[in-house]
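Please look at the model below before reading on; the numbered points that follow concern how its parts meet.

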Amino acid sequence: MKRPTPAVWAALTAVLVGAACITLSPYFHWVTSWPAGATLPVTSWIGTGLTAAFELLKPLARTISTLLSYPMMFANTVLVNSPYSLTIGILTALGWYLGGIRLTLLVVSGLGFVLFSGYWIASMNTLALVFVSVPFALLVGFAVGLLANEFKSINRVVETTLDVMQTVPTFAYLTPLLLLFGFGPVVGLIASIIYAAPPMARNVMLGLQRVEPEIKEAAIMNGATRVQQLFLIEVPSAVRQIMVGVNQTIMAALSMVIIAAVIGGFNDIGWEVLLTMRKAAFGQSLVAGLVIVIFAILADRMSGALAQSEVRYSWRIALAVVLVSVALATVERSLLPGPDSYSAFKGLAAAADSYLNAFTAANGLVLDAVKNGAMFFVLLPLKIGLGQAVLPFTWGFMWTKWMSAAVYAVFGVVAVVMALRGSAVLGLSLLIVSGVMIVGIANLPWPFMLVSLGALGWVAGGPKLAAFAVTMIMAILLMGLWEPALLSLYLCTAAVSVCVVLGGLIGLVSSVSPATWSVVRPVCDFFQTIPLFVFLIPVLMFFQIGEFSAFLAICAYAIVPMVRYTYHGLTSTPEELLEAAVASGASDWQVMREVRIPYSLPTILLGLNQTVLYAFSMLVIAALIGTTDLGQQIYLALGQGDVGLGVAAGAAMAILALVADRLVQAFAMKQRQALGL
Amino acid sequence: MNKVSKLVSTCAVLTLLSGAAYAAELGAVDEPIKLAINEWTGQQITTRIAGQMLQAAGYKVEYVTAGYQNMWQAVSEGQIDAALEVWGSNVTEQYKQLNKEGKVEDLGELGLVAREGFAYPAHVAELCPGLPKWEALKDCASVFATAETLPEGRLVDYPGEWGTPGADRIKALGLPFKAIPAGSEGALAAEFKASVERKKPLVAVFWQPHWAIAAYDLKFVELPEGKQECFDDPAYGPNKDATGDCDFIPTRVFKAAWPGLKEKWPAAYEILKGLKLSTEEQQPLMGAVDVDGKSAEDVTQTWIEANSAAWKPVVEAATK
């Protein structure tokens, strides 16, 4: 028998600590719940500290706020006061010039929908916000990406910062932002820049990293300066990846529109969505939400055409379109109805509502069965463990201590047998999984979590990662947010597992079948940009307030990056590699397995990272359904104007996401090294 | 204090001396008074009525959409000048804090008679025949039970940030129920909607005036009468060992303003202070907006034109 590897020791330690926790927990209460006396008043420290700091920073912040309000007001005035025929005309002309007849039709029908929905003025307010926030976010993201690429030493710091920017939910720092920057749309603008810049930075970093070394060397040999190398050679060759970043930034900025509305300050389309959501008026909120989706799709396709295709269409036609629209605009006030007088989709909205009602009424039993099935047999066991979830009422029998003992015995034997056969880690891991299944994620004792995460970190990334994981988890414990944190962990674990499997599959199918992708792509755009508030209503009507509804809402949002990045990774394999594989007689499936998947692994892993982060960021929206996890704490803080609790709960959420992400990434890295990639 | 406002207040004093009783100066008529428009229809109606009263007095008015939870900092800094329908039941801690520090001024009650309680759609009375008597809930708990709450009944509570009145009352009254916090007002409305469509049992903490009361034919459970004693003295109410074993005390609905309002627009301050709107006045207007789909602007304008007797005296008292 070989000497035990560190992984075996780690797994063994986790098993022993877990076993100790299970035996001790009936006698010592502190094993399962962190003693309240050991909680530091961190939230009130943060509250006082930040409030003091804000008093200092306030003048500066208010200046920034004033400065930002100028471009914002300018864009706002121009867009709101321009006659709509002129705005539509100019955008149509641009669409024609960039993308020919197809893009023209898209622009006309999209903007036509916006106009006829009666939300023209509101959507121009929204557009003003996006017009200002996207360039800022792109600029910030690009600069950060470049810097991280130039100075490798700050790479890790930058990545952590980006993760934090994406994981600390906006609602958590809304109160602080309001205190600092004052009331109004500028706060929405700043929040939107904070949230939308990271995807750009990330993709710039990844794109520059993956520029072929030969290309770089060629530039150096030609005597280019560093700046020339960067901007003439490296950035252009990374443009495809960077465009993914641009696309994602635009999408993220549009998804933040709703946050800007929560603050208020101007009457935008997000505000309309909030109002209709409050009334549970699904149809009307869908129409308002679709307006945001339309803007996202138009911005995406136009920026795509601008960057990816060299073909430009006749500017004469474009000019003609503009001239016609100018002519129309001059008579608009007298001849055409005002932008607020349209309401073409009222009937449609009402139809959607009554369809939803009828559907709920007709399928009540089926919906209940789906919900109860998922709750009883998947979610609840995951949450509170088989030990508590298996009841006569649901499973038909009562879980007893003897059953737990039997399961442990069986898996213990399996572990020993597997250890003797040389796969001790797998055996011990199975034993741990069986333990988690019986105890449940929400009931995991904290000593076990500390030790096992530390051990995992050690195995995956050495002492540094282990220390990181342990300190971070300790921070949550000390803040006294352990219970909501475990609930968050449970919801996200469930959602991410489903998203990875389902999203990966959809991405895979899309990459081989363009027809599928042509359907999947707009659906992805739709889910990523429509304010998910819109879907809370039907989800609530089908499945009522509760965790299953929250779980579905998280899945709907977090699956998109998995699909997108899998697709993008699988389709961006260099032609030469594919040709070489085909020439050597590989079948389609072999090409996929041997060439495409390994080559695309880094991109897919980025997708996994994004899925984890998205799932955590969605917890806050899911709290509107009614959950009891960290997301709800953030709302409580928002309601009480409690700066400390908000920031602490946001930080705890970011910590969970970061630790999960770092562990996954470290294991993936190890795997890649093992495969020699 | 700047020169202009000094001048204004001097003028106000002079006017008083010259004999025009109790009326105030208009103040900075060229600057718009910014009124908060919050997320719910009733508030928007109240605000637009107030706005048109101010306009009738010769002011400019700007309506600023503002999140109800997040606007208090702005009110304390004068970025919003007044919020005209604030519910005592779910106003944030931040407001209480700022009000205590004198940074937000309470302008008195609006006149709405708000009621909160345990509400259920009318069809539920057939499923639990003892309703609306609260004792009926004891025997019907199993009717309201769901997968998550079994064997207890399910009571949908207010969103967490509004407090836990449902859970508190269940405990005090000893009801075999479990409180599930709704995440938002939309979630509450969706619950009622689904319950009515599917004819399923539901009881939730809710309030009126609200459009859903009429739309889903909601009734209130008759809990022991809510009085202050009930919250001070355990002996009051059916449970002799607990306080809070009774219905809600009627919520105070009031108006709040930036403290600088009084000085900058003295007459406007008087108008907003005098502003009253009753439940009977507001409810049909809410229906016209939420059920008939009219805009709040149109509805309030019609009301202002038709009911000058109700609001003119307030404006005149403040300006003449």
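1. Domain bounds, as used here, come from an automatic or database domain assignment. On that basis chain B is divided into domain 1 (3-112 + 252-319) and domain 2 (115-232), and 34 Å separate the centres of these two domains of chain B, taken over C-alpha atoms.

2. This is a predicted model, in which local features need pLDDT of at least 70 and side-chain atom pairs count only at pLDDT 80 or more, while totals for chains, interfaces and linings use all residues. Residues are numbered from 1 along each chain as its sequence is written, and chains are lettered from A and ligands numbered from 1 in the order in which they are written.

3. Within chain B, 12 residues of domain 1 are in contact with 6 residues of domain 2, where contact requires that the C-beta atoms of two residues, placed from the backbone, lie within 7 Å. On the domain 1 side, the elements giving two or more residues are helix 2 (41-56) and helix 13 (279-290) of chain B, and helix 13 of chain B gives the most, with 6 residues. Helices (H or I, at least four residues) and strands (E, at least two) are DSSP runs, numbered from the N terminus.

4. By class, that side of domain 1 of chain B has 3 nonpolar, 8 polar and 1 charged residues; Ala, Val, Leu, Ile, Met, Phe, Trp, Tyr, Cys and Pro count as nonpolar, Asp, Glu, Lys and Arg as charged, and the others, Gly among them, as polar.

5. Between the chains, 40 residues of chain B are in contact with 45 residues of chain A. Helix 8 of chain B gives the most to the side of chain B that touches chain A, with 10 residues.
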